[in-house]
Amino acid sequence: MLKVDRISKSYRPKGWLNKAHRKQVLHAISFEWDRGECLGIIGESGSGKSTLGRLLLGIEKPDHGIIAWDGQPITDRNVRQGNISAVFQDYTSSINPFYTVRQAIMEPLKLAGGSPPSFMESYAGKLLQQVGMDESYLDKYPHKLSGGEAQRVCIARALSTGPACIVLDEAISSLDGSVQMQVLELLRNLSDSLGVGYIFITHDIAAAAYLCNRMMIIQDGRIVEMVETKQLKDVQSPYAKELLRKVMA
Amino acid sequence: MLLKRIWNDRLAALSLTIVGAMLLIGICAPLIAPHPPNEVNMELRYAGASWQYWLGNDHLGRCVLSRLIYGIRPSVLWVLAALIASVFVGTAVGIAAGYWRGRVDAVLMRLCDIMLSFPGYVMTLAVVGMLGPGLTNILIAFVCLKWAWFARVIRTVILPIAEADYVKFAKVLGASQLWIIVRHVLPIALPEVAVIASSAFGSMILQISGLSFLGLGIQAPHAEWGMMMNEARTVMFTRPELMLAPGIVIMVVVSSVNFLSDSLQKALDPKLMVIRSTNGMKHRYQRKEAALQQ
């Protein structure tokens with residue numbers, strides 16, 4: 001399980017002549033994520049949700065506080081391996097343009113080491129089938145894929161190391177409406193069949209409501225409210241009410 | 001795969017053939033040249049074309065064709081070596097600055113700013129003034145000055161790549177920095193680097209010839225195209241072919257290199273193969289102009 005304990009993060013303003021104060025992006029955020037759960041992190045642009053995503057993935061370190069996976073710090077890559085993975089927003093840059101789908105899916109396995117090439121070959125095909133694509137895609141290059149297909153490949157790639165948690169950073173935001181729905185459905189099915197959990201970072205409260213059990217609403221780097229999706233209608237804070245009203249309207 | 005794509009473009013195929021043939025002839029010069037390039041034969045002074053001397057003889061009766069062939073070595077081969085050296089340094093610095101950003105970037109880029117604040121030609125002349133004229137010194141001056149420009153341009157190529165999501169994903173996986181640079185950054189940048197380098201190649205050939213024309217480059221009696229033009233200057237109107245021969249060779253080689261650099265970009269970019277937008281063309285020309293100007 002993932003435990004986030006009072007993390008904060010600030011950035012230095014750009015330019016070394018600029019003596020402005022560091023910009024505080026996250027203020028003492030704490031929450032927990034349990035195995036198999038799907039937690040939505042909802043916020044508007046500039047709320048710090050993407051920064052939080054990078055910290056959860058261990059590619060940046062918080063200034064204060066700690067993010068721990070079963071008690072081990074997430075910044076250790078051995079802790080991340082096989083436990084946490086990611087799908088990002090921009091499907092055009094999410095796969096190396098010189099890699100075939102096969103190479104892209106096999107990269108995490110290669111990095112983890114220990115699996116023979118023949119196994120990886122067949123496994124790559126199996127993963128593709130899991131995300132609803134057939135093996136003919138294995139030798140395609142990313143620029144031949146549509147947005148939805150590219151994002152499916154990214155999901156397959158994220159699944160390849162069998163992680164317990166996948167961080168989805170605006171993973172469906174750059175897709176068309178109907179494709180968004182298909183990917184959401186796929187994510188839900190995968191969660192049911194494989195038991196994989198998600199941390200779903202998005203500004204789209206409706207999409208989060210479809211996928212998540214629990215939602216965390218953040219504003220200006222602070223947690224405004226933590227709410228079960230079932231009780232979404234009963235949110236207390238004015239900001240969360242405002243957000244909901246926008247969606248309903 | 002790449003060769004096949006270039007081959008489909010007629011102009012590119014022609015350019016590649018010319019450049020390739022030049023390199024090959026330059027390397028095999030002693031086998032191909034009909035006469036030793038420095039063999040003086042005063043009886044044949046300014047002799048016209050003959051079966052024995054295809055392009056005639058110069059003011060010392062030396063075989064013009066043989067001198068042209070030997071001239072490939074300093075004009076093309078050594079320039080290529082200097083180019084590779086400066087691109088290598090430039091790429092290393094550019095990747096370091098673009099990938100790690102922060103302090104490394106600041107320090108390296110200020111260093112480049114310092115190098116770039118000297119006007120290129122004046123610096124080359126200054127280096128030649130200090131070390132004395134000669135091909136080696138000019139090449140040293142080239143490498144010392146050009147790397148900064150390459151580093152600058154290659155850094156801008158690296159910046160968006162280092163931010164790309166597949167690099168971020170590799171970091172999540174815990175890939176080492178070497179793995180990321182070798183597999184995810186360098187291969188994406190290489191086509192751009194090849195285009196930048198090849199468009200600078202043409203202008204460097206011109207510069208070497210120009211400096212040799214001024215007598216600052218390679219020293220007599222060795223053959224070099226710019227110097228051959230200078231030697232033929234006195235008989236420019238009576239025997240123009242002596243000046244035309246190296247002049248045309250320079251023109252042909254430089255334009256082939258430029259055409260090749262253009263089609264190289266087309267051939268290396270998987271996306272450009274499909275869409276050849278007018279916008280992309282404009283962009284390419286702008287970059288090439290920038291390369292030629294400096």
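## Nonpolar core

The largest nonpolar core has 151 residues, and V167(A), I199(A) and F200(A) touch the most other members. Helix α7 of chain B (residues 135-163) gives the most to this core: 17 residues. Such a core is a set of buried Ala, Val, Leu, Ile, Met, Phe, Trp, Tyr and Cys residues joined through C-beta atoms within 7 Å. Buried means that 20 or more other C-beta atoms lie within 10 Å of the residue's own, placed from the backbone.

This is a predicted model: local features need pLDDT of at least 70, side-chain atom pairs count only at pLDDT 80 or more, and totals for chains, interfaces and linings use all residues. Residues are numbered from 1 along each chain as its sequence is written, while chains are lettered from A and ligands numbered from 1 in the order in which they are written.

## Around F200(A)

Neighbours within four places in sequence are left aside here. F200(A) is in contact (C-beta atoms, placed from the backbone, within 7 Å) with C38(A), L39(A), G40(A), I41(A), L168(A), A208(A), L211(A) and C212(A).

Strand β6(A), residues 84-87, is covered on both faces. I84(A) and A86(A) are buried on one side, S85(A) and V87(A) on the other. Strands are DSSP E runs of at least two residues; helices are H or I runs of at least four; both are numbered from the N terminus.

β6(A) runs parallel to β7(A), residues 165-169, and four bridges join them. A86(A) has V167(A) as its bridge partner.

## Helix α8 of chain B

Eight of the eight residues of α8(B), residues 165-172, are buried. Their cover includes α2 (77-80) and β6 of chain A, with α7 and α9 (177-213) of chain B. G174(B) follows α8(B), with a positive phi near 85°.

Notes. A residue is buried if 20 or more other C-beta atoms lie within 10 Å of its own, exposed if 12 or fewer, and partly exposed in between; C-beta atoms are placed from the backbone. Two strands pair if DSSP finds at least two bridges between them. Two residues are in contact if their C-beta atoms, placed from the backbone, lie within 7 Å.
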